[in-house]
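Please look over the protein shown below. A short report on its architecture follows.

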Amino acid sequence: MMLDLPTALAPWRATLSVLPDDLQRSFGPWLGRLARTIGPLHRHRHTDEGPPDGFAGLSRRGPYERLIMTEWALADAMPEEFIRRAAAKEHLFLELARQEPAGGLLSVVLFDAGPSQLGGPRLVHLAALVIFAQRALDAGAELRFGVLQRPPHPETQFSLRAAEGVMHARSGRPPTRDDWQGWLTAAAANGPPEIDDLWVVGGPQTRAWADEVGGGHLSPSDVLEPDRQAVQVDLRHGASTRRVALDLPPPSACVRALRDPYETVAPTVDPASSLVALGMRFSWDARHLMVRTRAGITALRVSRHPGEGGGTARHLEIREGTPVAADSHKRRYFVLSLCGDRLEVLVFNRRGYLDTRAWVDTPEAFVRPGADHALGPLIPLRLRGPYPREFVVLDALDTAFVLRIKDRPTLEATSAQTLDVARRGDGVVALASAADTQEHVRLISFNAQGHARPIRRFDAYPPAQAYLGPDRHSGLIAVRLGFDQWTFANRGDVVVAHPAHAVGATMHPFRTYGYLPAIVTIPDERRSVLLLGPGSLADEHPLPFQVSEAVCATAFALLAVRSAQGDLHVVHLDRFSVVTRGRS
């Protein structure tokens, strides 16, 4: 949530929103001074073509049908003066405004990420990007920007991911003329015939390139004074030169902005209860990541938005048995544990202490999961009351059962071969396949009493594989239609993704295309997250380790990945930013 900004920062409200609230206030004082130094965005090329669009002002030239009324009044009152003004070409005429072609104004900003821009100058890059994005928005212009040392693929939308890309771009070499020429060509491709507004933000060696094309240049550098922490920005645009000095924000804000604007506190994990690769899954509302450990379950509080509180851990100790399913709701934690051949349901309070426990009457149809089986769901059917009393749980064969813990806990079978299960609206839905052919996938809805009924059927490629994913309006359904082809219910989009790589589905804001359905995959090398959208759309995010386990949330665009060494990252898939970290 964005704080109420001071009046002085209101002009940059739209673009400042990509920064956390505290960083907005830390770097906000720079914006006014830098914006006045850079100036507004104006069109430098004019045309007399195009249909009329009102009046643009007054001119000394024009036909007499556009002579202003005061001149005609002067002709009636003082004819001699009217004639004198005509001879001296002093008459004033209304000047026509012309409609500009849509998208006709193009602003390009290129950043130098070389050695001369390390430290304080990189902070100026962030503030300058916010200003350039806002001035383009105010002028109705198209903004294209990028880093000179990177391949020339301009960003066309100002977003958190794009801003992080500029801030995290660091190079050990200065930009070359080949870099410059490549970016000029790429920035002007598929757009207006000319670049109206060109700026370079970088070291002194890039100033001559900006001068060659009549562009502007910002050169930030550290102020080398022993008692002052500041950066100096030299501006040159044509014959105009200016200089402004900006005092640095507190050191903690500077370090955070340079390294990770949404830095979160890693959860403290007891070494005796370290996280091992025995299974993990998100709670039904994606507020916790339930991780099976040797001593029970660790519930990690997840930050669903960058900057949101999270990272704390609750250790749910299970002295006897192995947890086979877990979930959370309203600061309570629910665990289904296997003790020998018997099942036990345990309810923990918000501090992680055991409140109640009870044995479950287990039918013969329930195939008990083993200790090496994936941690299963325990999704509440109804959310009313102090805490839920009915849950949907899966056995070792992925058969869906309803667990009731009112008086004497019982299990009741509902559907077979469940592929995925999640809460949607006021109830629970599941994707289930036909046990015999697996050529169809059924969407099943559970009512408040736990009775299941099929509501839709989809063709599927055997063996059936399907995922439920988050959507802004309704749940996303992804079904494998061919060996490596996936389709989405109610959409018709087709995505090509290897079935062994897929771990979930989500809606993702692909560049210039907006939110589209995507399959979340982990490629063969297991060192990145790759989102595959319709056609050839792809968005990849590198990871600092090799992934050994991954799971997607069904309620929110989150992905949890873990390495064999115990490094745990929860990634926000909209922004490709790490919102929660852990290490065992």
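Is Ser445 buried or exposed? Ser445 counts as buried, because its relative accessibility is 19%. The cut-offs are these: buried means under 20% relative accessible area, exposed over 50%, and partly exposed in between, with a 1.4 Å probe and protein chains only.

**Basis of the model**

This is a predicted model, in which local features need pLDDT of at least 70, side-chain atom pairs count only at pLDDT 80 or more, and totals for chains, interfaces and linings use all residues. Residues are numbered from 1 along each chain as its sequence is written, and side-chain values use heavy atoms, with hydrogens and water left out.

**The chain as a whole**

The protein chain holds 9 helices and 36 strands. Helices (H or I, at least four residues) and strands (E, at least two) are DSSP runs, numbered from the N terminus. The chain has 584 residues, and 52% of them count as buried. It exposes about 27500 Å², of which carbon and sulfur atoms supply 51%. Such areas come from the Shrake-Rupley method with a 1.4 Å probe; for residues, only the protein chains shown count as cover. Take the contacts between residues at least 6 apart in sequence: 50% of them join residues at least 24 apart. Contact means heavy atoms within 4.5 Å.

| Residue | Strand | Relative accessible area |
|---|---|---|
| Ser445 | S23 (residues 440–446) | 19% |
| Leu403 | S19 (residues 400–404) | 0% |
| Ser563 | S34 (residues 558–563) | 2% |

Which residues surround them? The lists here leave out neighbours within four places in sequence. Ser445 is in contact with Val428, Val429, His451, Ala452, Arg453 and Ile455. Leu403 touches Leu336, Val345, Val360, Leu378, Arg389, Glu390, Phe391, Val393, Thr410 and Leu411. Thr362 lies 41 residues from Leu403 along the chain, and the two C-alpha atoms are separated by 9.8 Å. Ser563 is in contact with Phe545, Gln546 and Ser548.

**A packed helix pair**

Two packed helices are described by the angle between their axes and the distance between the axes. Helix H3 (residues 69–77) packs against helix H4 (residues 79–87) at an angle of about 130 degrees, and their axes are 5 Å apart. H3 and H4 are therefore oblique to each other. On the H3 side, the contact is made by Glu71, Trp72, Leu74, Ala75, Asp76 and Ala77; on the H4 side, by Pro79, Glu81, Phe82 and Arg85. By class, this contact of H3 with H4 has 6 nonpolar, no polar and 4 charged residues.

Some terms need their limits. Axes are lines fitted to C-alpha atoms, for helices over the stretch in contact, and angles run from 0 to 180 degrees between N-to-C directions. Angles under 35 degrees count as roughly parallel, over 145 as roughly antiparallel, 65 to 115 as roughly perpendicular, and the rest as oblique. Ala, Val, Leu, Ile, Met, Phe, Trp, Tyr, Cys and Pro count as nonpolar, Asp, Glu, Lys and Arg as charged, and the others, Gly among them, as polar.

**An open sheet**

Strands of a sheet pair through backbone hydrogen bonds, either parallel or antiparallel. Two strands pair here if DSSP finds at least two bridges between them. An open sheet of 4 strands runs in the order S29-S30-S31-S32, with antiparallel pairing. Strand S29 (502–510) and strand S32 (538–542) stand at the edges with a single partner strand each, so one side of each has no neighbour in the sheet. On average, neighbouring strands of this sheet are turned by 30 degrees against each other, direction ignored. S29 and strand S30 (residues 514–521) are joined by 8 bridges. Ala502 stands opposite Thr521 in S30.

**Strands S6 to S8**

Strand S6 (residues 216–222) pairs with strand S7 (residues 230–237) over 7 bridges, in the antiparallel sense. Pro220 stands opposite Val233 in S7. S7 in turn is joined to strand S8 (residues 240–247) by 8 bridges, again antiparallel. Here Asp234 stands opposite Arg243 in S8. S7 and S8 form a hairpin with 2 residues between them, and Gly238 in the turn has a positive phi of about 65 degrees.

**Positive phi in two loops**

Lys89 is not a glycine, yet has a positive phi of about 60 degrees. Lys89 is found in the loop between H4 and strand S2 (93–98) and counts as exposed at 67% relative accessibility. Arg331 has a positive phi near 60 degrees. Arg331 lies in the loop between strand S13 (322–329) and strand S14 (332–339), and counts as exposed at 58% relative accessibility.
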